[in-house]
Amino acid sequence: MEFAFTDEQQMIAETARAFFAENATSARTRAAMEHDGIDVVLWRDFCVELGFSGIAIPESAGGAGLGLVELAILAEAAGAHVAALPMLGSLMLAAQAIAAGGSAAQRTAWLSGLLSGETIAAFVEDAMLEVRDGKLTGGSGFVAHGAQAELFVVTDGSGAWLVRRDAESVFVTPQMTMDQTRPLAEVRFDGASTEALAAPAEGLAAANRAALVGLAAEALGGAQASLERTADYARERVQFGRPIGSFQAYKHRLADMMVEIEQARSAVYWAACAVDEGSEEAPLALHAAKSFAADTAFRCAADMIQLHGGIGFTWEHDAHLFFKRARSIQTLLGKGDWHREKIATMILGEAA
Amino acid sequence: MKLGFSQADEHFRQECADWLNGQMAGEFRDIKGITKLTGSPERRKEWEKQLAAHRWSCIGWPEQWGGRNATLAEQVIFAEEYARAGVPGRVNHIGIELAGPTILTFGTEEQKQRFLPGIAAGETIFCQGFSEPNAGSDLAGVRTKGRLEDGEWVVNGQKIWTSLAHISDWIFVVTRTEEGSQGPRGLTFLMMPIDQPGIEIRGIRQINGDAEFNETFFTDARCPADSYIGGVGEGWKIAMGLLAFERGVSTLGQQMGFRNELDEIVAAAKANGAANDPLIRQRIARAEIGLRLMRYGALRMLSNTDHSRMDGAALTYKIQWATWRRDLGELGMDVLGQAGEVTAHRDYEWDTLPNLFLFSRADTIYGGTNQIQRNLIAERGLGLPREPRWTA
């Protein structure tokens, strides 16, 4: 039984944790929040200095050729600091879609820019998208890091197209967003020029797998950080002459957080491994990991606010960053109920 | 990081499955599928002997003592296939998983010779005398007294929740042998034969009508002076060492039983239309997720080769499975509706799902209540201040 990190994976984890702990500080994240939701220096260092951006991209496409376990390790470390990075749109969705579904020309045109961090991409989903004579009409009001993107990967659920930000008839409006570490934008196409992704089914499937694992891992990192920060506070904060962490009402709530987190950890790495090994459990594992880890992150961040008392409700404290990020993850790429209904259908068939 | 077992392990799995399925289709078909620990005790004692005759009774033990020196992975696989084949639980679970390993670790050569062959052969059934009416979660509060008299230990007091004491041959008893001692000091771990005038056993009827637990009364009960394991006054150390054997390997086998229970709920929901209820569908999906996460949590736990360190998956495992199963019991009743409130059996006997609903209330109590588990997690896992306790 080897359901544990290899030495190499352990090394990646330690490097990533140290990198985000040192660089993705609260001050830098807040500066990015004031601006456009991306810590540009952090992103460049992540992509170029550490060379982590291509970790789950095949070597033939210019990546490191590792898998979703390694991607999850990075996303978990980033999530532990609510790092303001365009990982979801650029790497988990766009780069995965282009690497798996792009033509040779499309891979050449876009991947090196995405992996160097110079090009930021966003993912636009619109089930009602209209495609006429190679021109797209439609869009979405909720595109993560849409206002910073130069490239859009657009899908109606079955087809996929690439649209340049600077093409004609592309309209982008930033939205004031609750989670300012991953701001949303309204992106509209009104007969925008486009090119179709060569193999959309493969591209979308790869993007979906990577993004579900990545978001779940990010949620796991956030949940674990919420627990650790609250446990630190519980040991230091004194009321009634005792550290508040000595009260069972408080301790037991922290223990319950840990019980959820350990399950979320199993879920994330089960899903990542199942995809990497091509296991038939992968679809179920992806639904399980996304729904379970997102709920865990939300519950732990909410508990972090409650267990910090008044200070946890302030803008100054970081609790709200975790809380808002967790809430956004719950909604992104399908809510928990939707994923669980998919699992129910696997077990019970469609409801009559 | 890998999900599965090695090729060699999968061959071993086939060997286990073949033998177990053969037994359950053949000579022992009458005990297949029994879920209650108290069902058909005599046949199940014969089953223990059958396991031993084919060297399957204690595969994790050294070969010298009747085991196979099986690796952790092989022990897990055997436990999984055992449950998958519908073989009922081991009536000598305590002997094989607790008493044996304790004697192997802490016993003298003479004690190994005296006890291990009988346990391995399925001839000596053991039960566990730890809890007392006033020593439950606070195990160090035991009051049962032992004193040396004319070259024998003389024991007086009462134990409770002694599973299967009524069909056991031996009991290990934590006794207070130092007059006036308190807490974990002054305790001694004694092995006592049950068939003697000084030991009386009374069944405790449970909320599901069954009686697998007992009260065990000691009135000048006796055993030879050399019946202690470890040293006189070292009973706490031995008891704690024994509890460490209790987790791990059997958990994946236990999960196969949980799988059968969830499958039964799914079948019931499909049969009566509950499978169309969106809320039931959500709960069945949650149960499925929980069971899978239990499996991968256990694999993480067993993959962790650094056993000196209690990792998060191991520390949270008990509360996780116990709470999951209690929820499953409630889900089963919600799926059955009023059909779950009545039984066709006489004598207040219940089919699997209503029985699960009732019995699973014990899961969050025995082996450390959920409240005690939360204390352990907070203190050992999160470094929070400790609850008041005996000073060792």
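Guide: Start with chain B, where UniProt lists residues 9-123 as "domain: Acyl-CoA dehydrogenase/oxidase N-terminal", in an unreviewed entry. UniProt positions are given here in the numbering used for this model, feature names are shortened, and annotations may be inferred rather than shown by experiment. This is a predicted model, where local features need pLDDT of at least 70 and side-chain atom pairs count only at pLDDT 80 or more, while totals for chains, interfaces and linings use all residues. Residues are numbered from 1 along each chain as its sequence is written, and chains are lettered from A and ligands numbered from 1 in the order in which they are written.

That span of chain B is 60% helix and 0% strand, with its end C-alpha atoms 30 Å apart. Helices (H or I, at least four residues) and strands (E, at least two) are DSSP runs, numbered from the N terminus. In chain A the record, also unreviewed, puts the annotation on residues 6-118; there the chain is 67% helix and 0% strand, and the end C-alpha atoms sit 32 Å apart.

Now for some strands. In chain B, strand 2 (residues 145-149) and strand 3 (residues 152-160) run antiparallel, joined by five bridges; two strands pair if DSSP finds at least two bridges between them. B:L148 has B:W153 as its bridge partner. The hairpin has two residues between these strands, and B:D150 takes a positive phi near 50 degrees.

Over in chain A, four strands make an open sheet in the order 2-3-7-6, with antiparallel pairing. Strand 2 (130-132) and strand 6 are the edge strands, each pairing on one side only. Inside that sheet, strand 3 (residues 135-144) and strand 7 (residues 184-193) of chain A share eight bridges, and A:A144 has A:L184 as its bridge partner.

Two loop residues of chain A are worth a look as well. A:S169, in the loop between strand 5 (160-164) and strand 6 (170-174), has a phi near 65 degrees, a positive value in a residue other than glycine. A:S169 is partly exposed because 14 other C-beta atoms lie within 10 Å. The scale, with C-beta atoms placed from the backbone, is buried at 20 or more other C-beta atoms within 10 Å, exposed at 12 or fewer, and partly exposed in between. A:F240 sits in the loop between strand 9 (238-239) and strand 10 (242-243) and also has a positive phi, near 55 degrees. With 8 other C-beta atoms within 10 Å, A:F240 counts as exposed.

On to the inside. Neighbours within four places in sequence aside, A:A216 is in contact with residues including A:V268, A:A271 and A:A289; contact means C-beta atoms, placed from the backbone, within 7 Å.

Last, the two chains meet through 42 residues from chain A and 41 residues from chain B. On the chain A side, helix 7 (200-236), helix 8 (248-276), helix 9 (282-308) and helix 11 (336-348) each give two or more residues, and helix 8 gives the largest share, 15 residues.
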